[in-house]
Amino acid sequence: MVTLQTIPVNEPYRIVRVSGDGAMAQRLRELGFIPGSTCTVVRRAPFGGPMEVALERRTVGLRLTSDVQILVEPLTLDADLFCIGESVRTATDVNSPVAA
Amino acid sequence: MNRPIVAVVGTPNVGKSTLFNVLTGLQQKVGNFPGVTVEPMVGSVTYDQRTTTLIDLPGIYSLAPTSEDERLTVDVLRGQHPSIERPDAILLVMSAVDPEKCLVLYSALAGLGLPIMIAVTMVDAVKAAGGGFDDIGMMHELGVQLYPVVGRKGLGVGDLTHALSSQAAWNVPMAPLSDAASIEERFAWAEKMITRHTSPGAPDRATRRLDAALLHPVWGTLIFLVVMALFFQSIFTWAEPLMELIELGIAGLQSALESSMPDGLARSFLTKGVLGGVGSVIVFLPQILILNLLVTVLEECGYLARAAFLVDRAMGLFGLQGRSFIPLLGSFACAIPGIMSARIIPNYKDRLATIMATPLMTCSARLPVYTLLIGAVIPGTYLFGVISLKGAVLAGLYVAGALSGLLIALFLKKTLFRGSVVPFLIEFPPYRLPSLKSVGLTMVGRSKDFLRTAGTVILAFSIVLWVLTEVPRAEIDSSLTPVEAANVQIEQSLAADLGRTVQPIFAPLGFDWKITLGVLSSYAARETFVSAMGQIYAADVEGSDEPLREVLAASMPLSVGLSVLAFYVYALQCVSTMAIMRRETGSWKWPALAFAITFVLAYLAAWLTFVLAS
């Protein structure tokens, strides 16, 4: 289990937990950062700037502070759903049914 | 139900305001509720002689508010707001592109016991991507009426208007979940509804590709700088022909009055007091309109959220976050809408710091002062043969204002509003074409506001100043030319007495009594400086073809001109801005502090400039 800030870009991860109970944590949950859903860090702005995070149905710009943590784990792809060699990018596409 | 009130509710970025604009058209105004810091728009829809009142409430995600404007919506919906009546029903706006958040919100709203109707926007976008949205199926399962609309094209609006006024279309739904349901349970329920009633279309590759370029650290930043350059460039170049047209029209009116009325006080009052005063301000209507047009278009097409992302890191240098960019950018048009849009910043301290910086962004009211003074005192030479010195000075004034505003925010964040680092969170809406009608209606609303100020506050001050310059009447030697006669009159007027009394305060800055009087009159609204200078220098006296700029060029030294410019960069000379600061912060403390800080800075900057330049 790792935090959202540390994962590589363009790889889908599964959200395990959003810790913290302030307004920020609440808003994150309302935007769909809930356990079990998939998220991908699309890009990170340089010099410690925000990151763009794609959820299944929407995309947000996000910069977290130390009081809120998003814990994620790697997504294990079902072998029979995705052929070996298919790019990870395709997996996210399948997971975003209506425009992200 | 007699004149039922319907609250228009939705999550942010679903096209709620566009739909509200399309439904109510020109039948809308800012709601006037006592003691309300957030002013919702109120409009009306009439169908078959039945009128329904619509109130456009700020967007919410749930019934647990995290900011001021969300609290307003929740209080109103629960019937707990002290001055806004509880609505009779809810029109929920859902985006077909992202119905999940909206269903989550619906699951909470359904427990309020109010009748609900749903308007589904952007169904066309889903269909175009090959997806499906089964509105009938969802309608049956939810137990409320559901109307697909394409706000931008006006499709389905007729049906919705009809439904709004027919009682049979309103149902109080059964809440699908208990009020105590967790956010996870609500998402699980929404997910079930979506699987059952929608089918996914192709992913929005256009938005993804655009983001890859527009959010790119290098290309995105370059594009951002180009957009900002075009933004400011177009405000000046597009507005110019329109401004000249208005000036011609006012000059025409003035000369028509001059040739049709006998010389005397009445004519002077109409041409100088009324037309001169209001005319010199109405000239700026095109600039204000274009600036508002550009901000609205950038916001509606989805770019403003990306711009906030791009500048978040840079804003962090000043203790602010990306969202602060939106109120600050708006303040280049006018600090009032800028301060109001600071509500999108959830944290109170961050919002305050941003609000305190807004009056230093160069608003369009400063522009006429800058244009006049730069035109008068800065030589029309070119730097390196290409850059106009006048243009460079203007750009310098904009940068000085913006940078100083940000430094004030930083100073406040380090002292009064000390706190931890601010987080940043903004949703990226899919890119879309803005609705012409919605943008147009926003324009009309803004120009009405502006003209109301010009027609009341500025007219009143212009008349007061006219009286001060005409009283007491001086003995005019009949051998004097009209220009000389006007100067004799001014020198002996009450205005001159007033200017001379206050002038010692501004003497270290190089201001004479005429400039002092102009600066004093600016404390009502900055742009009155131009009309005041016109009256004081008696430039538009009959028989004198010399425009005000030339008169100033002849009588104002460069050092004084620069000193006045420096003063205007900092001074908070706008009663309306202070009033709105008071309203948005809930205390006179903050406008008073802003006034004090900016006055000290203005005085010091003008003094330094004067000393260095002379």
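1. First, some housekeeping. This is a predicted model, in which local features need pLDDT of at least 70 and side-chain atom pairs count only at pLDDT 80 or more, while totals for chains, interfaces and linings use all residues. Residues are numbered from 1 along each chain as its sequence is written, and chains are lettered from A and ligands numbered from 1 in the order in which they are written.

2. Let us begin with chain A. Chain A has 2 helices and 6 strands (helices are DSSP runs of H or I with at least four residues, strands are runs of E with at least two, and both are numbered from the N terminus). Read from the N terminus, the elements of chain A follow the order β-β-α-β-β-β-β-α. Of the 100 residues in chain A, 42% are buried (buried: 20 or more other C-beta atoms within 10 Å of the residue's own; exposed: 12 or fewer; partly exposed: in between; the C-beta atoms are placed from the backbone). Among contacts in chain A between residues at least 6 apart in sequence, 63% join residues at least 24 apart (a contact: C-beta atoms, placed from the backbone, within 7 Å).

3. Chain B comes next. Chain B holds 26 helices and 12 strands, and buried residues account for 49% of its 614 residues. The C-alpha trace of chain B spans about 90 × 55 × 45 Å along its principal axes. A compact globule of 614 residues would have a radius of gyration near 25 Å, and the 28 Å of chain B agrees with that (the radius is taken over C-alpha atoms, and the globule rule is 2.2 Å times the number of residues to the power 0.38). In chain B, 72% of the contacts with a separation of 6 or more are between residues 24 or more positions apart.

4. How do the chains meet? In the interface, 38 residues of chain B are in contact with 35 residues of chain A. On the chain B side, the elements giving two or more residues are helix H7 (183-197), helix H8 (205-214), H12 and S12. By class, that side has 22 nonpolar, 8 polar and 8 charged residues (nonpolar: Ala, Val, Leu, Ile, Met, Phe, Trp, Tyr, Cys and Pro; charged: Asp, Glu, Lys and Arg; polar: the others, Gly among them).

5. Do look at the sheet. An open sheet of 7 strands has the order S1(A)-S6(A)-S2(A)-S3(A)-S4(A)-S5(A)-S12(B), with antiparallel pairing (two strands pair if DSSP finds at least two bridges between them). Strand S1 (2-3) of chain A and strand S12 (424-428) of chain B stand at the edges with a single partner strand each, so one side of each has no neighbour in the sheet. Helix H12 (residues 303-316) of chain B packs on the sheet, touching S4 and strand S5 (59-63) of chain A as well as S12 of chain B, and its direction makes about 150° with that of S12(B) (angles run from 0 to 180 degrees between N-to-C directions, and axes are lines fitted to C-alpha atoms, for helices over the stretch in contact).

6. Two strand pairs deserve a look. S5(A) and S12(B) run antiparallel and are joined by 5 bridges; A:Arg63 has B:Phe424 as its bridge partner in S12(B). Within chain A, 4 bridges join the antiparallel strands S3 (residues 38-44) and S4 (residues 51-54), and A:Arg43 is partnered there by A:Glu52 of S4(A).

7. Now a helix pair in chain B. The axes of helix H15 (residues 348-357) and helix H17 (residues 389-414) come within 8 Å and cross at roughly 145°. The contact of H15(B) with H17(B) has 7 nonpolar, 2 polar and 1 charged residues.

8. Helix H2 (residues 68-78) of chain B has buried residues, including B:Leu72, B:Val74 and B:Leu77. Strand S1 (5-10) of chain B is among what covers the buried residues of H2(B). B:Gly79 follows H2(B) and has a positive phi, near 75°.

9. Finally, where does B:Ile250 sit? B:Ile250 is in helix H9 (residues 219-260) of chain B. B:Ile250 is partly exposed because 18 other C-beta atoms lie within 10 Å. Not counting residues up to four places away in sequence, B:Ile250 touches B:Leu275 and B:Gly279.

Conventions: Contact = placed C-beta atoms within 7 Å.
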